[in-house]
Amino acid sequence: MLTSAPSLPVPVMLWALLLMPASLGAQHATWDNASCTEGKVFVLRGERAVMACNISNSFSRITVWLVGPGKALQTIFNNVAPGNHSKDRWKLLVQEGTAQLVTEEAQGSQAGQYQWLLEGHQKKFLFTALSISEPQGLPSQGPEMLFSRPKAISQPQSQVPISIIISIIVVIFVILLILGFRGVSWLRRPRFARPQKLLQGSEL
């Protein structure tokens, strides 16, 4: 003999229907809402570079890969837990819902696209990019920049004071002027003045 399953009372069913939106809202509140540094990070070679990712909850695990120009996929950090981690030139700082990938002196080999696997309450793949350029117009750090070249020692030269030179020029100019006046006065004299005096003396 078959018996029918007992049906739930109507008040219980209504209460379950009322609780469904609340449970769905609680599930939405636990979403990670992951986000990372937008766009491309530009730095000069040797400068500090930082890329970051955040979620609204706490991180459980993080994996970071690098795809450089013309290079294969490289694992930087693999499935690491929250804390401070270091590898090669990179540091990964993970605390609660914040993760920072830091390099103190960026090099060309670190340029490329970074793929993040962020694990909180969900798993999320996100990307960041790093561009590194060479410094422009910076002086080379050669030995010539560290030590200044000695200046050539000037040898003492015997120089005549300018005042003496001017005095000599003035004296020469005055002598030439006097000689010129005398020459002009001599030329202005009558040519036969002296012979006439001689003739008058002989007649007497």
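1. Strands here are DSSP runs (E, at least two residues), numbered from the N terminus, and two strands pair if DSSP finds at least two bridges between them.

2. The model is predicted: local features need pLDDT of at least 70, side-chain atom pairs count only at pLDDT 80 or more, and totals for chains, interfaces and linings use all residues. Residues are numbered from 1 along each chain as its sequence is written, and side-chain values use heavy atoms, with hydrogens and water left out.

3. The open sheet has five strands in the order β2-β10-β9-β4-β5, with mixed pairing. Because β2 (40-44) and β5 (73-80) stand at the edges with a single partner strand each, one side of each is left without a neighbour in the sheet. From one strand to the next the twist averages 20 degrees, where axes are lines fitted to C-alpha atoms and angles run from 0 to 180 degrees between N-to-C directions.

4. Strand β4 (residues 61-67) is mostly covered, with five of its seven residues buried (under 20% relative accessible area, 1.4 Å probe, protein chains only). Seven bridges join β4 to β9 (residues 112-119) in an antiparallel arrangement, and R61 has E119 of β9 as its bridge partner.

5. F42 stands opposite S131 in β10.

How values were computed
Helix = DSSP H or I, 4+ residues; strand = E, 2+ residues; numbered from the N terminus. Buried < 20%, exposed > 50% of the residue type's maximum accessible area, 1.4 Å probe, protein only.
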